Amino acid sequence: MMIELTGLSKRYKQQVVLDQANASFTEPQKIYALIGPSGSGKSTLFNILFGLDNDYQGHYQLLGHNAAELTKKQWAIIREQEMRMVFQDYKLLENLTVYDNLHLSGDYSDQQIETVLATMKLTQFKTAIVADLSGGQKQRLAIARAVIAKPKILLLDEPTGNLDQENIEMTMTYLDQLRQQGIMILIITHDPQVAEFADVVYQLQDQQLILTKGSRPEEAPDDVSREIISATPTTIPPAAKKHLFSYTWTNLRHTKRRLFFLAIPIIIIISAFILSFTAFRASSTLSFKNSFGGISERAITLNTQDLNRKTHARYRKEGIVSSFDGKRIGFSQADLTAARKLTGVASVTPFNPGGVNLYDSHQNTLKLTYLAAEFDPLIQRYQRLNNKLDEITFEFNMSSTPQRVIRDFNEANIDLVAGNYPHDRSDEILIPDVLVLQKYHTTDLRQVLRKSITLNVRKNRQTKKHHYRIAGVYNTDYAHGLSAKYPIYVGYAAEDEKTVYLDKETYQFYRDLLTEDEATAAVSQSLIASYTQYEQAVGTGYQGMLIVAAHDTDVPQLTKQLQTKYPAYKITSQEDLRHGELGAIYQRLIWNLIGGSVAIALIAGVLICFLNKSYINGRSRELAILYSLGYQRKDIFQVIALENGLLFGAYFLISCGICALLNRFLLSKLSSARLFIYLFAPENIGALFLLVVMMLLISILWGISGVKQKNLKYYLNH
Ligand code: ADP
Ligand code: MG
């Protein structure tokens, strides 16, 4: 038995459309017509028959199964193989060819396609785009797409409504042929010609199905074989293979024009995202990291003017305005000796944090200037690519730590690339790679090592020549951005730092400064109460202490010991950068970066979906067509994922290309060029890729939410 409806009722809220209707559409080789005025419920009935609407009362028996008990998957297979629908507006894939519409509607051989094309007189239109066909041709294609599956049941909604007389007759001829092949045909119609031509006619009237032509099978009790058929439900075959990739690819190829225009704003959004992410990342984390690059795994530094967060919080609360802890201005000899005695300490060196001396051990200063016209050709090229400079100046900078510990701590974060650091109190110098290029016109940095160089230096307002030796060369990354000023590092020369403090005027200065208010005066009492106490507080005059541990592994326990001894100071080390107070700041920075980028990616994803809204709606309509052809929801999800994946892959690659071009011809010439140095670093591209994948996921979810059962029905009915 094909279709049996018993006591079928359907209501939309208060409105009753069907009330206890009964009908049987049971015999192959028959054409059934369903007539009734507009609004009487014909389409509603078809939606129920086609499994698009399960919200009804009564019994619907389909191919021996209770239709209400069929699973979604079984429905999909039934729509694919047993029951096909020809929609009034055809619901073809309009952008694709006639061949593609048939090929993608199921798993059919080219031979089957050729045959059905010939039967429907469409052979000559095989490669035509559906949108270009006439109404009659579209309808023939819609019928061809339905019957190629060799279904048992064919539903047609107003097949002649949009056709001229010639095409109506042609259609009826085809339907007659199909009837003879044993397909049961059910037609919604207004057309008296069609009703005339049908074997059985039901009229929808007063919420009932009234038989107006032909006979109910029940009225033919001699039909015994029919009862036997009805007793055995048709077994539902497995689903046919779907051409998901082929469909996605064909569809993308045919909509490339439209996609091209849609892609422009999306690519702009993604490119802007790539550049801003790169710049934001560079300006926050990289600079943070770089400023701690000069400290080794074994080194720990303390600074009497660098108080930890807890102390800052206490000072804020108590209204204390001081950068000292109230115990010392500089580290004393006793402090240094005590630190040397801590377990696991290899060396302790006082230093002057942030102090930059612009002279060498003879008090000579240097101002070596090259004008733009004298630049080496390579520098000229880089300056054209990067920022324009009128001149480049080189001047002396003294290392702030002695050579013996400089590998553990160089405050200036020098990136030594050849040779060595200058010895203390020597005439050795460490020069930037850009000076090697400018003066020796070579990029082979080893060539200049140990070379003697004569510089015009100044001392006591007099210019003289002095010979130096090049001990090493450091990296400046000049290819990525030139500076107007570069240091030439000279050897460390210890000075008596105390002398800076130990005179009455400086004492008076600190006295005034640290007694401005009561709270500050109270905490600073022991620093300034008397000159003798002040002298003691100044100690060696060094505000920095560099402690080098014997092994990396000593750093954590040394940090603990130092925290006990100096509870108010920040203790800086690579260890701290990872786990301590700095680490916390760094982690927060990273989380802000991740959180911010994810938020922006989500917003961008939603924005992209909005831009694509009309496209996605159009796609949902098409996917509804696939659904009506027996594609399961999982097939449709795969199509959406595949299509979005391909598109986003392309968007990302194109955006990267655009960013590369922008960087090459524009960004690298700006003064902020350094922000984009790491644009194509693997971890940057990796992070960006993940963020774009997030945008992709949003787009996929958005697309999938558009193919809810309800929406699919909506698209199929409109
Ligand atoms: P026909 O196809 O015979 O013209 P329909 O089946 O489309 O009629 O509609 C039957 C009745 O049900 C109409 O009065 C229509 O307004 C109503 N109707 C159809 N679809 C819906 C719906 N989704 N929600 C509420 N009422 C509906
Ligand atoms: Mg209708």
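Colleague: What makes the pair formed by glycine 41 and ligand 1 a polar contact?
Modeller: In this predicted model, a polar backbone atom of glycine 41 is 3.0 Å from an oxygen atom of ligand 1; a polar contact is a pair of N or O atoms within 3.5 Å, so the glycine 41 pair qualifies. A backbone N or O atom of lysine 42 lies 2.8 Å from an oxygen atom of ligand 1, and for serine 40 the value is 3.3 Å, again from a polar backbone atom to a ligand oxygen. The protein buries 57% of the 560 Å² that ligand 1 exposes when taken alone, with accessible areas from the Shrake-Rupley method and a 1.4 Å probe.

Colleague: Which elements give two or more residues to the shell around ligand 1?
Modeller: They are strand E2 (15-25) and helix H1 (42-49), and H1 gives the most, with three residues. Helices (H or I, at least four residues) and strands (E, at least two) are DSSP runs, numbered from the N terminus. A residue is near the ligand if one of its heavy atoms lies within 4 Å of it, and those surrounding ligand 1 include Tyr12, Pro37 and Thr44.

Colleague: How do you know what numbering and confidence limits apply?
Modeller: Residues are numbered from 1 along each chain as its sequence is written, while chains are lettered from A and ligands numbered from 1 in the order in which they are written. Local features need pLDDT of at least 70, side-chain atom pairs count only at pLDDT 80 or more, totals for chains, interfaces and linings use all residues, and side-chain values use heavy atoms, with hydrogens and water left out.

Note on methods
A polar contact is a pair of N or O atoms within 3.5 Å; within protein, one must be able to donate a hydrogen and the other to accept it, and residues adjacent in sequence count only if both atoms are side-chain atoms.
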